[in-house]
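Walk through this chain with the coordinates open. Start with its overall contact pattern, then follow the helices and their residues one by one.

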Amino acid sequence: MDSIHQKELDDLAALRALPTTGGPLGPDEKARLLAAIENLVLDQNRMKRAAIFTLGRMRNLGIGLGETQVQRNFADLPAYRTCLARNVGAMLRFMPISAGGPLR
């Protein structure tokens, strides 16, 4: 998950490197923009799969996360606060067998 996070930061840097003054983009800029956006979508999907796998393993081991603990971990990362799921049960129901199978 750490390597995916680093890749997300690199992809965001690619987006931030584009001009912010407006106007039409050249072909190279368009290609960089589309590549960075597609990479972020792929990164999000990879992170979700990794989180589902990790949460499944934690559940199998009887390890839970309290809301206070999660909020403390995200205190220094305000950009990710909107990513916090209130109910991960729906994600776990679709967990692949390799990650411990569906939630019962």
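Among the contacts in the chain with a separation of 6 or more, 64% link residues 24 or more positions apart. Contact here means heavy atoms within 4.5 Å.

The model is predicted: local features need pLDDT of at least 70, side-chain atom pairs count only at pLDDT 80 or more, and totals for chains, interfaces and linings use all residues. Residues are numbered from 1 along each chain as its sequence is written, and side-chain values use heavy atoms, with hydrogens and water left out.

How confident is the predictor in the chain? The average pLDDT is 76, on a scale of per-residue confidence from 0 to 100. A score of at least 70 is reached by 71% of the residues. Confidence is highest in helix α2 (residues 27–60), with a mean of 86. It is lowest in helix α4 (residues 89–93), with a mean of 59.

The chain holds four helices and zero strands. Read from the N terminus, the order is α-α-α-α. These elements are DSSP runs numbered from the N terminus: helices are H or I with at least four residues, strands are E with at least two.

The chain has 104 residues, and 17% of them count as buried. Buried means under 20% relative accessible area, exposed means over 50%, and partly exposed lies in between (1.4 Å probe, protein chains only). The chain exposes about 7,700 Å². Carbon and sulfur atoms supply 60% of that area. The areas come from the Shrake-Rupley method with a 1.4 Å probe, and for residues only the protein chains shown count as cover.

Now take helix α1, residues 2–16. Its 15 residues should span 21 Å at 1.5 Å a residue, and its end C-alpha atoms are 21 Å apart, so the two agree. The expected span is 1.5 Å times one less than the number of residues. Which residues of α1 are buried? They are Ile 4, Glu 8 and Asp 11. They sit on the same side of α1 because they cover an arc of only 65 degrees around the axis. That arc is taken from the directions from the helix axis to the C-beta atoms. The face turned away from the buried side of α1 carries the exposed residues Asp 2, Ser 3 and Arg 16. The cover over the buried residues of α1 includes α2.

Look at that cover from Ile 4, a residue of α1. Ile 4 has a relative accessible area of 14%, so it is buried. Beyond its neighbours within four places in sequence, Ile 4 is in contact with Asp 43, Arg 46 and Met 47. Its C-alpha atom is 8.6 Å from that of Gln 44, which lies 40 residues away along the chain.

Asp 43 belongs to helix α2. Its relative accessibility is 0%, so Asp 43 counts as buried. Setting aside residues up to four places away in sequence, Asp 43 touches Ile 4, Lys 7, Glu 8 and Asp 11.

What joins the side chains of Asp 43 and Lys 7? A polar contact of 3.4 Å does. Such a contact is a pair of N or O atoms within 3.5 Å; within protein, one must be able to donate a hydrogen and the other to accept it, and residues adjacent in sequence count only if both atoms are side-chain atoms. Lys 7 is part of α1. Lys 7 is at 30% relative accessibility, so it counts as partly exposed. Leaving out neighbours within four places in sequence, Lys 7 is in contact with Asn 39, Asp 43 and Arg 46.

Turn to α2 as a whole. Its 34 residues should span 50 Å at 1.5 Å a residue, and the end C-alpha atoms are 50 Å apart, which agrees. Its buried residues are Ala 36, Leu 40, Asp 43, Met 47, Ala 50, Ile 52, Gly 56 and Met 58. Leu 34 also lies in α2. Leu 34 has a relative accessible area of 59%, so it is exposed. Leu 34 and Leu 15 are 9.3 Å apart, C-alpha to C-alpha, and 19 residues apart in sequence. After α2 comes Gly 62, with a positive phi near 75 degrees.

Terms used
pLDDT is the predictor's confidence in each residue, from 0 to 100.
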